[in-house]
Structure formats: structure tokens, C-alpha cells
Amino acid sequence: MTATSPTTGPAPAGPASARPDEDDERRLRPAEVPGMHTYGPRVPLPSPFFQRGFGWVLGGIWLFYLSQPLGTILRHPDGFAKWFSLGAEVAFGLSYILVFLWMRRMRLEQRDGGLRKALAWLAVMFALALATIPAAGGDWMVGLVYIAAASIMVLPPRAAVAVVGGCAALPLVLPELVPAWKPENALFFSIVLAAFAMFGVTRMIDHNQRLTAANREIARLAVAEERARAARDLHDILGHSLTVITIKAELAGRLLPVAPERAEAEINDLEKLARQALADIRRTVGAYREVCLEEELASARSALSAAGIDAKLPRSVADVPEPRGTLFSWAVREGVTNVVRHSGATRCVISVRPDRVEISDNGRGPSEEGEHGGSGLRGLRERAEACGAQLSVGRAADGSGSGFVLRVSVPA
């Protein structure tokens with residue numbers, strides 16, 4: 001009597017059924033986010049065949065090894081014992097498939113089937129295996145291989161070891177009690193090997209499940225990061241542009257009665273700024289938003305001048321490498337926007353070095369809340385941290401106790 005173990009477990013689990021809050025993740029996988037790096041492999045959804053039919057194939061193919069006790073039953077003389085044992089053998093094979101599919105569904109849904117239900121399944125399998133004895137004789141013990149494999153699938157480790165140990169001991173002990181059954185050491189090793197193989201398969205499935213869960217989390221974080229990026233860009237673009245537009249509109253209104261030519265120039269600037277803001281928004285939506293430090297400095301000079309603030313800016317920034325130039329551009333934009341909107345300053349100084357940009361003014365300085373930063377400073381801090389830089393805000397260091405300083409520096 002030789003038995004071969006059913007060592008193949010269920011296929012690696014696919015993702016569980018989608019929750020409503022995963023809709024965005026399915027529509028916007030990390031690899032599909034425009035303008036973003038790929039954060040991880042796309043999480044595939046199981047096909048209908050995998051979900052419904054593949055489990056039956058994997059579970060049923062290993063019933064081939066029940067051909068040995070089935071052949072013994074079929075060779076038995078006709079009578080009640082033969083047909084009773086044949087029915088029990090068929091029911092045993094069906095019970096193994098059902099246990100297999102039940103366990104697979106529990107893993108796919110990431111649920112615990114419960115110890116009592118698992119023991120009940122194994123008890124039914126064992127009872128059906130015993131029911132084949134009238135015609136199968138000692139060959140009924142081939143079913144112990146399936147019971148041992150099933151116990152690894154559905155039981156906690158300690159309980160599974162106990163069941164496997166009992167199944168492995170029976171082929172050695174029962175032939176001593178029943179002379180008609182000869183001992184089979186091969187069956188003992190088949191049971192042990194089946195248990196070890198199924199243990200490896202279940203561990204692989206668990207790792208695949210964790211990987212699938214991690215990929216889903218990566219997809220969720222990628223969507224969240226993309227939303228945060230869009231929020232930062234829209235805040236920086238709209239906040240700065242609308243502030244400058246508002247100031248120039250007020251200036252044009254004041255100049256219109258006394259200096260129509262200057263008012264007309266300011267209105268022309270308003271049109272250019274509005275068109276530029278619209279183009280920036282379109283580029284941001286398309287995830288192609290880029291900023292240039294020299295352009296931001298020129299825009300800062302215009303905005304500060306329109307606000308009546310004396311500006312001191314560097315003439316050249318050619319020695320600032322990328323991606324620092326882009327980060328420093330966002331810093332200049334946010335700093336100048338805050339100076340124009342909140343500071344009440346009359347003077348603003350912007351200094352740019354290869355490893356640092358600083359925007360300072362002689363205004364009222366930051367409030368306690370302002371030192372921690374609103375949404376603009378929070379977005380700039382996130383940009384800085386993504387580039388390995390540091391953002392600091394505070395009061396001017398000239399001893400006056402007033403003024404605001406925003407600094408972004410890149411450690412050497």
C-alpha cells in the first residue's frame with residue numbers, strides 16, 4: 001500500500017471584496033497617477049475563473065490518490081459492504097473538497113472560520129474514512145493523509161500538530177491491533193511530508209495575503225499623496241496669484257483718477273497674471289506643474305512693488321542646482337505671498353544661496369499660530385522634507401522683536 005500526499009494548497013489569496021472607500025484606489029492605482037513615481041505593483045483583481053472554478057480544480061485534482069482505496073472497494077464482492085464503503089469514499093472525497101474550499105474562502109475574506117467548525121469538519125472526514133473499512137480494509141488509512149493536510153489548513157498550529165501526530169501514529173499502531181492490516185511505514189512518511197508541505201503552502205498564502213494588503217495600503221497612500229500634492233499646488237498657485245491680482249486691482253483703482261496711464265499698465269498686468277494663473281492651474285491638473293526660481297523672483301519683485309513694499313532681491317540664481325531650485329521657487333512664492341497678505345511690512349529681503357533661501361521682512365512678525373504654519377507653510381514643509389531640506393520660520397534676528405523670517409535650507 002503506497003500513498004502519495006496531496007501537498008498543494010489553495011492558490012494565493014487575492015484581495016478581499018472591495019469596500020466603498022476603495023473606489024478611488026481602484027480608479028487611481030499608484031502606477032497610473034499622472035506625474036508620480038510608481039509606488040508599488042498594481043494590485044490585480046482575481047478573475048471570475050479564479051474566484052469560482054480554480055479552487056474546485058486545485059481541490060479536486062488531488063483526489064486522484066484515493067484511487068488506491070477506491071480500487072480495493074470496487075474489487076470487493078458485490079453486497080452491502082461494497083456499496084456502503086463506496087458511498088463513504090465518495091462522501092470523503094467531497095468532504096475534502098468542501099473543507100478545501102471553505103478554508104480558501106475564509107482566507108480570501110480574511111476571516112477566522114472558528115476552531116469548533118474546523119474540528120467538526122475533520123471529525124466528519126475521519127468518520128467517513130472509517131466508514132470505508134468494510135470494503136477497503138487497511139487501505140482506508142490513505143484518507144489520513146488528507147485529514148492531516150486539512151488539519152494544517154484549518155487548525156491553529158498546536159492543534160494541527162496534535163492531529164497530524166495522531167494521524168501519523170495510526171498506520172504504525174493499528175496494524176498491530178488488526179492482523180489483517182499490514183504496517184506501512186511509507187504511509188507514515190507520506191502523512192508527515194503532507195503536513196510539512198501544506199504548512200509551507202499555508203505560510204506562502206499568508207505572505208501573499210500580507211503582500212496584497214500592503215499593496216492596497218500603498219495604493220491608498222498614493223491616492224492620499226496625490227490629493228495632498230494637488231492641494232499644495234492649488235494653494236500655492238491660487239493663493240499667490242489671487243493675492244497679487246487683488247493688490248494690483250486695488251492699485252489700479254487708486255491710480256485711475258490721477259494716473260490713467262499707470263492704471264492701464266496695472267490692468268494689463270492683471271490680464272497677464274490672470275492668464276498665467278489659468279495656465280498654471282491647467283498644468284497642475286495635468287500634473288506637469290513646474291516652477292522656475294528666476295521667474296518666481298521676477299514675480300515677487302512685481303508683487304512687492306505693487307503692494308508698496310521695498311524689495312531687495314538677488315540678481316542671479318544660476319548657481320542653485322535642481323531640484324533645490326524648484327523647492328526654493330515654492331519657498332519664494334509662499335514667503336512673498338505671506339509678506340504681501342499678512343505682514344504689514346514696508347521692506348522685504350530675499351537672499352538665495354546654493355544651499356539656502358531666506359525671505360525676511362520688517363512687518364509685525366508671526367503669531368504663535370503662524371510659527372507653526374497654516375496650510376501654505378505646511379505644504380511647503382512637506383515639499384522641503386521630500387527633498388531632504390529643513391523649513392524654519394520665526395522672528396527677525398536683529399533684536400527688534402518684529403519681522404518675519406522664512407528659511408529653507410539643505411543640509412550639506
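What span should the twelve residues of H7 have at 1.5 Å a residue, and how far apart are its end C-alpha atoms? Hi everyone, let me start there. The twelve residues of H7 should span 16 Å, and the end C-alpha atoms lie 17 Å apart, which agrees. The expected span here is 1.5 Å times one less than the number of residues in the helix.

A quick word on conventions. This is a predicted model, where local features need pLDDT of at least 70 and side-chain atom pairs count only at pLDDT 80 or more, while totals for chains, interfaces and linings use all residues. Residues are numbered from 1 along each chain as its sequence is written, and side-chain values use heavy atoms, with hydrogens and water left out. Helices (H or I, at least four residues) and strands (E, at least two) are DSSP runs, numbered from the N terminus.

Back to H7. Is this helix enclosed or open? Twelve of its twelve residues are buried, so H7 is largely enclosed by the rest of the structure. Buried means under 20% relative accessible area, exposed means over 50%, and partly exposed is in between, with a 1.4 Å probe and protein chains only. Among the buried residues of H7 are Gly-143, Tyr-146, Ser-151 and Met-153.

Tyr-146 comes up again with the rings: together with Phe-92 and Tyr-96, it forms one aromatic cluster. Rings of Phe, Tyr and Trp (its six-membered ring) pair if their centres lie within 6.5 Å; planes under 30 degrees apart count as stacked, over 60 as edge-to-face, and the rest as tilted. How many aromatic pairs does this rule give? The count comes to seven aromatic pairs.

Let me show you two. Trp-140 and Trp-181 have ring centres 6.4 Å apart and planes at 55°, so this pair is tilted. Trp-140 sits in the loop between helix H6 (133-136) and helix H7 (143-154), and Trp-181 in the loop between H8 and H9, so the pair ties together parts that are 41 residues apart in sequence. Both partners count as buried: Trp-140 has 3% relative accessibility, and Trp-181 has 14%. The second pair is Phe-188 with Phe-189, where the centres are 5.3 Å apart and the planes are at 80°, so the pair is edge-to-face. Phe-188 is partly exposed, at a relative accessible area of 25%.

Rings also meet charges here. A charge sits over a ring if NZ of Lys or CZ of Arg is within 6 Å of the ring centre and within 35 degrees of the ring normal. Arg-383 lies over the face of Trp-330, 4.0 Å from the ring centre. Likewise, the charged end of Lys-82 sits over the ring of Trp-83, at 5.2 Å from its centre.

Now, how many salt bridges does a search of the whole structure find? It finds four, a salt bridge being a side-chain nitrogen of Lys or Arg within 4 Å of a carboxyl oxygen of Asp or Glu. I'll go through some of them.

Arg-220 and Glu-217 meet in a salt bridge at 2.5 Å, N to O. Both lie in helix H9 (residues 185-255), three residues apart, about one turn of the helix. Arg-220 is partly exposed, with a relative accessible area of 36%, and Glu-217 is partly exposed with 36%.

Next, Glu-296 bridges to Arg-333, with the closest N and O atoms 2.9 Å apart. This pair links distant parts of the chain, 37 residues apart: Glu-296 is in helix H11 (residues 293-306) and Arg-333 in helix H12 (residues 324-343). Glu-296 is buried at 5% relative accessibility, and Arg-333 is buried with 5%.

Then there is Arg-407 with Glu-358, whose closest N and O atoms are 2.7 Å apart. Arg-407 lies in strand S5 (residues 404-409) and Glu-358 in strand S3 (residues 356-361), so the pair ties together parts that are 49 residues apart in sequence. Arg-407 is partly exposed at 28%, whereas Glu-358 is buried at 16%.

Let me finish with H11, the helix of Glu-296. Its 14 residues should span 20 Å at 1.5 Å a residue, and the end C-alpha atoms are 20 Å apart, which agrees. The buried residues of H11 include Leu-293, Glu-296, Ala-300 and Leu-304. After H11 comes Gly-308, with a positive phi near 75°. Thanks, everyone!
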